[in-house]
Amino acid sequence: MNVLVTGGAGFIGSNFVFHMLKEHPTYRIVCLDALTYAGNLSTLEPVMENPSFRFVKGDITDRDLIDKLFEEEKFDFIVNFAAESHVDRSIEDPGIFLKTNILGTQVLMDASRKYGVKRFHQVSTDEVYGDLPLDRPDLFFTEETPIHTSSPYSASKASADLLVQAYHRTFKLPITISRCSNNYGPYHFPEKLIPLMISRALNDESLPVYGKGENVRDWLYVEDHCTAIDLILHKGKDGEVYNIGGHNEKTNLEVVKTILKELGKPESLITFVKDRAGHDMRYAIDPSKTRRDLGWEPTTLFDEGIKMTIKWYLDNRDWWENILSGDYADYYETMYGDR
Ligand code: NAD
Ligand code: TDX
């Protein structure tokens with residue numbers, strides 16, 4: 001099998017590349033990534049010389065490049081992680097979110113149609129369902145919950161989902177979509193809540209909690225997301241949407257306090273700051289369909305996963321300090337600029 005993983009130099013994509021090379025040693029894994037501010041090629045260093053792996057620097061919106069790559073590689077599976085992923089940035093500047101997340105998905109699907117693939121898998125998010133009220137803990141997002149977006153980011157991901165479903169209905173493109181809750185774990189870019197709080201607490205810097213910190217997110221350890229996508233690729237039904245989540249709901253304040261406790265840092269570091277515009281209150285995934293139809297089970301509880309994650313950030317200070325200093329951006333040119 002020849003698998004294209006787009007966005008594989010980012011957080012979840014890189015974890016998925018490692019997962020696939022380990023679990024399917026006979027497969028060829030090609031990673032296509034534009035190395036935006038969120039892509040970090042040093043993350044993929046351990047596999048760069050692996051004969052089953054190829055890295056291609058390129059943009060999913062670049063039709064000529066995508067066409068050439070598909071013609072050359074004859075992919076079986078496409079897994080599309082490539083996206084602009086940070087909600088706050090989408091509020092500052094929505095344009096690039098629409099270009100990458102919607103038009104990029106279209107370019108990849110056009111090539112998938114032209115060259116024929118066994119499966120085009122779109123990695124989507126629980127944010128397409130909007131949010132749930134805090135006083136209704138009985139409510140969860142199912143695959144039937146209507147799309148109802150809040151931020152330019154979630155609107156762009158939802159638009160892509162609709163386009164993917166349209167390509168299935170109209171062109172019979174064999175697709176699947178997964179909608180996952182908030183991920184955490186190794187290689188998470190330190191602009192997102194958990195790695196931001198770990199890196200700032202380690203430097204004794206203030207921890208900016210939006211609003212009152214009451215918003216609830218449903219956290220899933222990244223490897224559990226990877227095992228779900230692997231199962232969907234191999235056993236999922238064409239045209240289906242699968243929710244992924246592990247019922248690990250926490251308020252942001254709970255998460256930040258847990259990190260401080262684990263690091264032995266004082267709660268006085270917490271600073272309440274202006275709330276995010278349009279801030280979703282609660283996300284909560286009902287993953288019953290994925291469990292029932294594919295036998296997927298998450299294996300890492302939050303209490304255990306957050307300890308593993310904090311240990312990873314302590315053991316890999318170079319990785320995030322390089323990001324904070326901006327040095328990571330030169331890595332590709334220094335190491336592979338002549339490829
Ligand atoms: P990330 O920002 O860490 O990584 C995104 C990667 O995509 C980066 O390596 C970046 O260089 C690459 N990229 C961006 N624009 C590109 C383009 N035009 N062409 C090629 N590559 C490009 O994101 P992440 O957190 O790993 O998320 C990956 C996917 O999973 C996204 O589609 C996101 O919407 C989805 N998702 C994320 C979460 C989460 O909690 N992080 C949860 C559910 C779904
Ligand atoms: O400094 C902060 N302070 C704060 O209180 C940051 C960065 C975030 N927050 C809050 C906002 C959210 O309620 O923490 C929560 C988590 O924020 P993010 O890490 O930005 O994630 P979120 O907005 O929930 O979106 C994430 O999950 C769904 C990913 O970034 C998306 O790509 C994914 O689709």
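Biologist: Where is the place of leucine 35?

Modeller: In this predicted model, leucine 35 lies in the loop between β2 (28-33) and β3 (53-57).

Biologist: Is leucine 35 buried or exposed, and how do you know?

Modeller: The relative accessibility of leucine 35 is 18%. Buried means under 20%, so leucine 35 counts as buried.

Biologist: What is the phi of leucine 35?

Modeller: The phi of leucine 35 is near 50 degrees, a positive value in a residue other than glycine. Most residues other than glycine have a negative phi. Lysine 172 also has a positive phi, near 60 degrees, and sits in the loop between α5 and β6 (175-180).

Biologist: How do you know whether the length of helix α4 agrees with its number of residues?

Modeller: Helix α4 covers residues 95-115, which is 21 residues. After α4 comes glycine 116, with a positive phi near 75 degrees.

Biologist: Which residues of α4 are buried, and what do they pack against?

Modeller: The buried residues of α4 include Phe97, Ile102, Val107, Leu108 and Met109. The buried residues of α4 pack against β1 (2-6), α2 (63-73), β4 (77-80), α3 (87-92), β5 (119-125) and α5 (152-171).

Biologist: What makes both faces of β4 covered?

Modeller: Side chains in a regular strand alternate between the two faces of the sheet. In β4, Phe77 and Val79 are on one side, Ile78 and Asn80 are on the other, and all four are buried.

Biologist: Which strands are joined to β4 by bridges, and how many bridges are there?

Modeller: Four bridges join β1 to β4, and four join β4 to β5. A pair needs at least two bridges, so β4 is paired with β1 and with β5. β1 and β4 run parallel, as do β4 and β5. Leucine 4 stands opposite isoleucine 78 in β4, while asparagine 80 stands opposite glutamine 122 in β5.

Biologist: How many disulfides does the count come to, and why is cysteine 31 in no bond?

Modeller: The count is zero. A disulfide needs two cysteine sulfur atoms within 2.5 Å. The sulfur of cysteine 31 is 13 Å from the closest cysteine sulfur, that of cysteine 226, so the gap is too far for a bond. Cysteine 180 is in no disulfide either, with the nearest cysteine sulfur, that of cysteine 226, 9.3 Å away.

Biologist: Why are cysteine 31 and cysteine 180 called buried?

Modeller: The cut-off is under 20% relative accessible area. Cysteine 31 has 0% and cysteine 180 has 3%, so each counts as buried.

Biologist: Where is asparagine 182 found, and why is it called buried?

Modeller: Asparagine 182 is in strand β7 (residues 182-184). Its relative accessibility is 19%, and buried means under 20%, so asparagine 182 counts as buried. Leaving out residues up to four places away in sequence, asparagine 182 touches Asp126, Arg217, Asp218, Trp219, Leu220 and Tyr283.

Notes: Residues numbered from 1 in each chain as written. Chains lettered and ligands numbered in written order. Predicted model: local features only at pLDDT ≥ 70, side-chain atom pairs only at ≥ 80, totals over all residues. Heavy atoms only, no water. Helix = DSSP H or I, 4+ residues; strand = E, 2+ residues; numbered from the N terminus. Expected span 1.5 Å × (residues − 1). Buried < 20%, exposed > 50% of the residue type's maximum accessible area, 1.4 Å probe, protein only. Contact = heavy atoms within 4.5 Å.
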